[in-house]
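This report describes one protein chain for a reader who is new to structures.

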Amino acid sequence: MVITWNQNALRADFCHALSEMYKSEVPLYGDLIDVVWEADAQTVRASETLGGAKAINPDDVLPSRHRVERHGAIRLGTAYELSTIRRMFSVMGMYPVGYYDLSIAGFPMHATAFRPKTQDALSQHPFRVFTTVLRMELLTEKTRKLAQKALAQRKIFTPRLLELLDLVEKNGALTPAECAEFIQNGLETFRWHSKATVTLDEYMQLKAEHPLIADVVSFPSSHINHLTPRTINIDLVQELMVNQGMPAKERIEGPPKRRCPILLRQTSFKALEETVYFRDTLDRHRKGSHTARFGEVEQRGYALTRKGRQLYDRILDQVNGDATKNNLKGGDYDKVLESHFRAFPDSLSELRDQNLAYFCYRVTSTGEKLAEDGAVLSKFGGKTSAQQLLDQDILAYEPLTYEDFLPLSAGGIFNSNLGNVCLSKQLIMSAEPDLDGFQRCLGTCVADEFHLYFEMQKESIQRCENQLGLEIVV
């Protein structure tokens with residue numbers, strides 16, 4: 001397909017429109033954005049008083065992508081909804097990356113993240129949407145039949161959006177006016193509706209089995225359940241949320257605070273109880289309530305290699321084992337977390353030397369001058385190691401940002417907002433991952449996130465090789 005529209009611009013415009021819509025629907029989300037900006041500003045100001053190398057350059061830590069960065073989350077019910085949302089996101093240059101088995105966190109669903117895949121697209125606008133779909137086989141028979149009946153009757157995509165998807169797949173083109181229509185109609189898929197499509201009794205049956213089932217099945221859209229701005233200081237955000245009286249969750253999910261942040265840390269304000277109207281037997285609406293939508297904050301760290309992720313998972317298993325054995329929660333859990341993670345190297349050199357994280361390499365100004373003078377080739381011949389070039393200030397490196405998600409952290413956020421009531425927990429927790437089934441529903445394969453990071457690192461080395469005119473061994 002020859003793309004004739006700017007996918008990065010369309011993605012940015014859609015993200016902005018979605019954020020504005022969510023602010024109007026959940027005003028506390030707008031307050032959260034203000035808290036994040038205040039925390040970032042305080043962090044930059046505090047660093048400036050230290051001076052020297054400890055001073056934070058706002059342009060370094062708050063680049064344009066940080067200022068607009070959001071991730072959202074939606075919950076789908078059927079294979080049709082998942083495959084169609086894939087078509088919709090692809091128009092904006094967002095593709096399924098990674099497979100997340102949420103049964104390990106006690107949820108009857110699995111997921112992927114729709115996001116840009118290239119470093120250039122991510123740098124222009126990194127909007128991503130964590131997208132889950134129900135696993136019907138993990139529901140009890142009675143609930144499964146009710147869910148299938150309710151989901152079969154709803155249509156979460158407008159007719160015009162479906163027309164635009166057909167049009168773009170046929171012609172490979174969208175006019176500016178059609179892009180505007182795409183955003184307008186796409187927003188309807190994620191808009192909140194206070195009128196449920198089920199009766200109160202049906203809702204209570206779904207909720208009793210698992211609150212997330214009720215959230216997925218009971219409404220006429222796949223409403224956004226949270227949007228997430230990015231911060232440079234999530235610990236301060238947590239503190240400010242509490243100080244300002246927001247209903248913040250008790251602890252930050254993910255790895256502990258470190259000199260070299262890894263993967264992803266997340267917190268949120270708890271979901272608010274919202275008025276919902278349920279159908280009765282005469283097709284009238286009765287007033288009730290529903291709790292699902294919240295605001296989240298994230299701080300992104302470094303992308304880990306498979307080896308690094310295995311070490312992270314191994315340490316986290318030890319932490320959770322100790323926490324379960326000793327019934328540790330809140331601050332006590334965090335102390336054990338911090339203690340165990342001392343085993344994870346916490347300097348850039350160690351992370352690189354031990355192949356625990358991915359990096360982007362670049363030629364320094366010194367390297368550029370030596371290359372122009374022909375001194376690099378005369379000194380190293382046609383081949384040398386990255387370490388030799390680093391030692392002589394010819395190369396520099398920086399860690400790649402982690403662009404993806406952590407299923408246990410997502411589970412922690414969801415549990416804090418929805419509670420842990422679940423009648424089918426044993427069935428869910430004993431389930432195996434089902435990547436093949438998920439990809440059949442999706443209509444394509446998910447990309448492997450480790451491969452994407454490896455390719456980014458490899459491409460940065462290749463650019464350095466072209467500049468220096470020699471082969472570099474990492």
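A residue counts as buried when its relative accessible area is under 20%, as exposed when that area is over 50%, and as partly exposed in between. The model is predicted, and every value below was computed from it.

**Residues in loops**

Asparagine 327 has a relative accessibility of 58%, so it counts as exposed. This residue sits in the loop between α13 and α14, the latter covering residues 330-340. Its backbone deserves a note: asparagine 327 has a positive phi of about 55°, although it is not a glycine.

Lysine 329 is found in that loop between α13 and α14 as well. With a relative accessible area of 63%, lysine 329 is exposed.

Aspartate 393 belongs to the loop that runs between α18 (386-391) and β13 (395-399). Its relative accessible area is 41%, and because this value falls between the two cut-offs, aspartate 393 is partly exposed.

Lysine 155 lies in the loop between α7 (141-152) and α8 (159-171). Its relative accessibility is 76%, so lysine 155 counts as exposed. In sequence, lysine 155 and proline 220 are 65 residues apart, yet their C-alpha atoms are 6.9 Å apart in space.

**Residues in helices and strands**

Where is arginine 309 placed, and is it buried or exposed? Arginine 309 is part of helix α13, which covers residues 306-326. At 15% relative accessibility, arginine 309 counts as buried. Leaving out residues up to four places away in sequence, arginine 309 touches Leu263, Leu304, Tyr402, Leu406, Pro407 and Phe450.

Serine 385 belongs to strand β12, residues 383-385. Its relative accessibility is 24%, so serine 385 counts as partly exposed. Apart from neighbours within four places in sequence, serine 385 is in contact with Ile472 and Val473. Serine 385 and threonine 199 are 186 residues apart along the chain, and their C-alpha atoms are separated by 67 Å.

Serine 83 is located in helix α5. With a relative accessible area of 17%, serine 83 is buried. Not counting residues up to four places away in sequence, serine 83 touches Cys441 and Leu442.

The accessibility values can be set side by side.

| Residue | Relative accessibility | Class |
|---|---|---|
| Arginine 309 | 15% | buried |
| Serine 83 | 17% | buried |
| Serine 385 | 24% | partly exposed |
| Aspartate 393 | 41% | partly exposed |
| Asparagine 327 | 58% | exposed |
| Lysine 329 | 63% | exposed |
| Lysine 155 | 76% | exposed |

**A pair of helices**

Two packed helices are described by the angle between their axes and the distance between the axes. Here the pair is helix α5 (residues 79-91) and helix α21 (residues 435-442), whose axes come within 7 Å and cross at roughly 65°. Angles of 65 to 115 degrees count as roughly perpendicular, and therefore α5 is roughly perpendicular to α21.

Which residues meet in this pair of helices? From α5 there are Ala79, Leu82, Ser83 and Arg86, and from α21 there are Phe438, Cys441 and Leu442. By class, the contact of α5 with α21 has five nonpolar residues, one polar residue and one charged residue.

**The whole chain**

The chain has 22 helices and 14 strands. Along its principal axes, the C-alpha trace spans about 85 × 60 × 45 Å.

How many of the 474 residues count as buried? The share is 55%. The chain exposes about 21000 Å², and carbon and sulfur atoms supply 50% of this area. Among contacts between residues at least 6 apart in sequence, 77% join residues at least 24 apart.

Methods
Residues are numbered from 1 along each chain as its sequence is written. This is a predicted model: local features need pLDDT of at least 70, side-chain atom pairs count only at pLDDT 80 or more; totals for chains, interfaces and linings use all residues. Side-chain values use heavy atoms; hydrogens and water are left out. Axes are lines fitted to C-alpha atoms, for helices over the stretch in contact, and angles run from 0 to 180 degrees between N-to-C directions. Helices (H or I, at least four residues) and strands (E, at least two) are DSSP runs, numbered from the N terminus. Angles under 35 degrees count as roughly parallel, over 145 as roughly antiparallel, 65 to 115 as roughly perpendicular and the rest as oblique. Contact means heavy atoms within 4.5 Å. Ala, Val, Leu, Ile, Met, Phe, Trp, Tyr, Cys and Pro count as nonpolar, Asp, Glu, Lys and Arg as charged, and the others, Gly among them, as polar. Buried means under 20% relative accessible area, exposed over 50%, partly exposed in between (1.4 Å probe, protein chains only). Accessible areas come from the Shrake-Rupley method with a 1.4 Å probe; for residues, only the protein chains shown count as cover.
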